[in-house]
Amino acid sequence: MSGAGKIMLVGIGPGSVEHMTQRARDAIAESDVVIGYVTYIKLVADLIEGKEIIRKSMTEELDRAVSALEAARAGKKVALISSGDAGVYGMAGPTYEVLFQAGWTPEDAVQVEIVPGASALNSCAALVGAPLTHDFCAISLSDLLTPWPTIARRLDAVAMADFVVALYNPKSGRRTRQIVEAQRLFLRHRRPDTPVAIVKSGYRRRQNIVFTTLDSMADADIGMLSTVLIGNSNTFVRHGLMVTPRGYANKYDMEEGGATREGEKAGRSLSTGLLGWLETLAAEHAAGDSIELLAERHRLPADYIRATLEEPWEASEAAATTEEGEA
């Protein structure tokens, strides 16, 4: 490759300029060319006056990456923008695929920088409370590039594993059944009254937030500009805020000023953490419970239970003195 151009993969966050990082604004300011989906171009209209603009449609991701590479080869600085974060369902992945296909390496003259931004799950969570305080994951319901059985297996697995889940691309004019199928899969494992928050156009002019429940979510107004947040078994809504507890109540008595519960120690794994569970598992098996029964009781694969019981370990590990901190 010739020239000394640069591709900046810029995450512009939820859409409002005040929620963009300073580096994102600077990257757009120093660019010669701005490339993006037409809606994203509109979101940064105040920042791109006088620049070369290349607008692409929703399904032209690879074309955007190719255009960025061509402009960078010509020595230009390119801001290839994505809403949210460029590396989360954004343009970072397709761009690297195009670059590698063209023989690009990090040592080439064309530089590449990823400028992170707040993804939809972060910004939508901030608008509804604190739903992502514990383990969570994101799944896109778009089957334009991913086979539906793959999506369905992922939905079923995370629903069973009790993750808080952010659903991206939940519904469009042509894709209306996917959200219904997602609901059906979740209801196999979750209570019908599991809290759900639906954020449409977060931090944009037509922002709309709806709190509902798992058994009713498919009836809500959901579109391509919506992000659906499904709580786990402990998530609750109070005073219009959706909150997922981190688990402090498992160890500390919140009604007694945070005193450590009986059998627990501050800064140590739970009594039902790994080492405590291993002791319990070994005792249950020694008492005559079969591998299959233990697997069913703990909702874990039988081969994992078997391998765990066969792995030598010292019970004294449970009394390890190393303290751990949890943020």
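Let me start with a term: on a 1 Å grid over the protein atoms alone, a pocket is an open set of points where a 1.4 Å probe fits, with protein on both sides within 12 Å along at least five of seven lines. Grid points are joined across faces, edges and corners, and a volume is the space filled by probe spheres set on the points.

Hello everyone, and thanks for coming. What you see is a predicted model, where local features need pLDDT of at least 70 and side-chain atom pairs count only at pLDDT 80 or more, while totals for chains, interfaces and linings use all residues. Residues are numbered from 1 along each chain as its sequence is written, and side-chain values use heavy atoms, with hydrogens and water left out.

So, how much space lies in the largest pocket? About 1500 Å³. The pocket is lined by 47 residues, meaning residues with an atom within 4 Å of a point, and Tyr-40, Met-58, Tyr-89, Asn-169 and Met-224 are the closest to its centre. Among the elements giving two or more residues to this lining are helix H3 (61–73), helix H4 (92–101) and strand S11. Helices here are DSSP runs (H or I, at least four residues), and so are strands (E, at least two), numbered from the N terminus. By type, the lining has 19 nonpolar, 20 polar and eight charged residues. In that count, Ala, Val, Leu, Ile, Met, Phe, Trp, Tyr, Cys and Pro are nonpolar, Asp, Glu, Lys and Arg are charged, and the others, Gly among them, are polar.

Let's stay with Asn-169 for a moment. Asn-169 sits in the loop between S8 and H7, and its phi is near 45°, a positive value in a residue other than glycine. Buried means under 20%, exposed over 50%, and partly exposed in between, with a 1.4 Å probe and protein chains only. Asp-162, in the loop between H6 and S8, also has a positive phi, near 70°, and is partly exposed at 26%.

Now to the inside. A nonpolar core is a set of buried Ala, Val, Leu, Ile, Met, Phe, Trp, Tyr and Cys residues joined through side-chain atoms within 4.5 Å. The largest one has 22 residues, and Leu-155, Leu-167, Phe-186, Val-228 and Ile-230 touch the most other members. Elements supplying at least two residues each include strand S7 (136–140), helix H7 (178–187) and strand S9 (195–200). Which element gives the most? That is H6, with five residues. Beyond its neighbours within four places in sequence, Phe-186 is in contact (heavy atoms within 4.5 Å) with Leu-155, Val-158, Ala-159, Val-165, Leu-214 and Ile-230. A second, separate core holds 18 residues, including Ile-7, Ala-65, Val-98 and Val-110.

One more residue: Met-20, in the loop between strand S1 (6–11) and helix H1 (22–30). Met-20 counts as buried because its relative accessibility is 5%. Not counting residues up to four places away in sequence, Met-20 touches Ile-12, Arg-25, Ile-28, Val-44 and Leu-47. Its C-alpha atom is 7.8 Å from that of Ala-118, 98 residues apart along the chain.

Finally, the record: an unreviewed UniProt entry places "domain: Tetrapyrrole methylase" at residues 6–217.

Technical notes: UniProt positions are given in the numbering used here, feature names are shortened, and annotations may be inferred rather than shown by experiment.
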